[in-house]
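Student: Hey, I've just opened this one and I'm new to it. Can you walk me through it while I look?

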Amino acid sequence: GARTVPIHLFSSTSLPDPNGPLYYKGWYHLFYQWNPDGAVWGNITWGHAVSRDLVHWLHLPPAMVPDHWYDINGVWSGSATQLPDGRIVMLYTGSTEDAVQVQLLAEPADPSDPLLRRWAKSESNPVLVPPPGIGLTDFRDPTTAWLNPTDRAWRITIGSKNQEHAGLALVYRTEDFLHYDLLPALLHVVQGTGMWECVDFYPVSADLAADVGLDTSTAPGPGVKHVLKASLDDDRHDYYGIGTYDAGTDRWTPDDAAIDVGIGLRYDYGKFYASKSFYDPVGRRRVLWGWIGESDSERADLLKGWASLQSIPRTVLLDTKTGSNLLQWPVVEVENLRMRGKRFDGLDMPPGSVVPLDVGRATQLDVEAVFQVQAGAPAAGSAAAGAEAPYNCSASAGSAGRGLLGPFGLLVLADDGLSEQTAVYFYLVRGADGKLSTHFCQDAFRSSKANDLVKAVYGSSVPVLDGEDLSVRILVDHSIVESFAQGGRTCITSRVYPTKAIYDSARVFLFNNATNLNVTAKSIKIWELNSAYIRPYPYSD
């Protein structure tokens, strides 16, 4: 068959943070960190792509290039704010000729152009320089602005760190986006978390009935929580907290200090960093992108001529059932890529079994799977009668490590002989109190015969409420596997590079490697996905 084209938007740089996403005059816009000169980091400009549906993207020429003293060392990350009168302001970080990080303002040169092809940098740049006590290279990535209801002026926050290596978010007040006042209070600070990059700050609805996102300027109050997210430069992961924003003091307080920003929950437990969200007024939803880096070598990236991708865009909601985590889910438009599908119901998965699923070519898939489990009786006097040791996906032997109640799930991007396979699995552990805890993991140990790769098991625990079956959605796209457990409570993205399980040779299997657990695949739905046909914008001239 014809070779398929990936469904992810990719870039030719080693650091394509998503920047300034917005919706304008019928088009979704995404900008990203891009090196036009090659597949490694440097000469950072803003790439630009547009879409009608968040899935089919058209590349435009670069939106901004490093061409002034204040951004000659790079047009770095930034965010768009749409003002009530329709005006768009873009705040971004520049690295100056002296490599100082400063904040810069740009606006569309022609607001009547729906494609926003040309941008004008402000005569007033830089509009912000590092304040006293903040390192000259620790001041970057301004957020989308929000209106503070107490004084009807705008606020932005910018990530940094202090001399004690605490991560923090500064807050600035502005009325015109040219003049700014640094407010005395920090939005938030967490000891030991280091530099906060790509801070994001936005409201989510805590209303049980609301299945919608909230505009960034939605005022705090009953039924509204605020999410604070930071990308930790120390470990290159995106952490978030859920809490309360006090508009009077411009401070944010986490609901649970034990899972504060940087020490608790992550958006994604795999390759996912420097993420950015925006409010989509058409879909009334909060949409999130992350940067999916490579886990191969720089040499391999240079050979293939590109590196890194944007994640499939995800909607973000507060999980009103638990109240303590977000739900992330691929935007509904992804389902328009579904082609022929197959359904399997009630498949038995006894301990030790591997069950092939005949779905044809399995390199671009959308999988929805629901499992029911029945634990066997613990053998008298065995360790099973008591509590089991705690489980950690990353420290485990992956899908090959057999336990009483796990692992079980699916093998994707596998070849017939299972010499290559990427496992997406659940692993249950019975605690001393007799209660089960559930872990969700993705294992790339056997994903490829290639040896210049970082192969890891990613994952975390996932909340499972009484009466819920175990469910997972998996998007497979050649070298990317994005998985969403329990409706998106825990998400994992892996980069895998199969050498055999490619094109027509890729397969899907169910597996149960637990020793004392009967699993039934209650329902498995698998669709082949069409290409997104990402291509340059078709200019008529």
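This is a predicted model: local features need pLDDT of at least 70, side-chain atom pairs count only at pLDDT 80 or more; totals for chains, interfaces and linings use all residues.

Student: Where is His439?

Tutor: His439 sits in strand 29. Strands, like helices, are DSSP runs numbered from the N terminus: at least two residues of E for a strand, at least four of H or I for a helix. Residues are numbered from 1 along each chain as its sequence is written, and side-chain values use heavy atoms, with hydrogens and water left out.

Student: OK. Is His439 buried or exposed?

Tutor: His439 counts as buried, because its relative accessibility is 11%. Buried means under 20% relative accessible area, exposed means over 50%, and partly exposed is in between, using a 1.4 Å probe and protein chains only.

Student: And what does His439 touch?

Tutor: Not counting residues up to four places away in sequence, His439 touches Tyr391, Cys393, Tyr425, Phe426, Tyr427, Val429, Ser460 and Ser461. Contact here means heavy atoms within 4.5 Å. Tyr427 is 12 residues from His439 along the chain, and their C-alpha atoms are separated by 5.0 Å.

Student: What about the rest of strand 29, why is it called enclosed?

Tutor: Six of the eight residues of strand 29 (residues 436-443) are buried, so the rest of the structure largely encloses it.

Student: Which strands does it pair with?

Tutor: Strand 28 (residues 422-430) runs antiparallel to strand 29, with eight bridges joining them. Strand 30 (residues 457-461) also pairs with strand 29 in the antiparallel sense, over five bridges. Two strands count as paired if DSSP finds at least two bridges between them.

Student: Who faces whom there?

Tutor: Leu428 stands opposite Thr438 in strand 29. Over in strand 30, Ser460 is the bridge partner of Phe440.

Student: What happens in the hairpin of strand 28 and strand 29?

Tutor: That hairpin has five residues between the strands, and Gly434 takes a positive phi near 85 degrees.

Student: What holds strands together in general?

Tutor: Strands of a sheet pair through backbone hydrogen bonds, either parallel or antiparallel.

Student: Changing topic: how is the protein chain divided?

Tutor: There's domain 1 (18-330) and domain 2 (334-378 + 388-529). The bounds come from an automatic or database domain assignment. The C-alpha centres of the two domains lie 32 Å apart.

Student: How much area do domain 1 and domain 2 bury between them?

Tutor: About 2400 Å², with 58% of it on carbon and sulfur atoms. Tyr269, Ser295 and Trp329 supply 28% of the area that domain 1 buries against domain 2, more than any other three residues. Buried area is the accessible area (1.4 Å probe) that two parts lose on being put together, summed over both. As for contacts, 30 residues of domain 1 are in contact with 26 residues of domain 2.

Student: I also spotted Asn325. What's up with that one?

Tutor: Asn325 lies in the loop between strand 22 (314-318) and strand 23 (326-330). Its relative accessible area is 4%, so Asn325 is buried. The side chain of Asn325 makes a polar contact of 2.5 Å with the side chain of Thr322. A polar contact is a pair of N or O atoms within 3.5 Å; within protein, one must be able to donate a hydrogen and the other to accept it, and residues adjacent in sequence count only if both atoms are side-chain atoms.

Student: Where is Asn19, then?

Tutor: Asn19 is in strand 1. Asn19 is buried, with a relative accessible area of 0%, and a 3.1 Å polar contact joins its side chain to that of Ser77.

Student: What sheet is strand 1 part of?

Tutor: It's an open sheet of five strands, in the order 1-2-3-4-36, with mixed pairing. Strand 1 (18-24) and strand 36 (535-536) are the edge strands, each pairing on one side only.

Student: Last one: how confident is the model?

Tutor: The protein chain averages a pLDDT of 92, and 92% of the residues score at least 70. pLDDT is the predictor's confidence in each residue, from 0 to 100. Over residues 380-385 pLDDT stays under 50, and the model has four contacts beyond four places in sequence for them.
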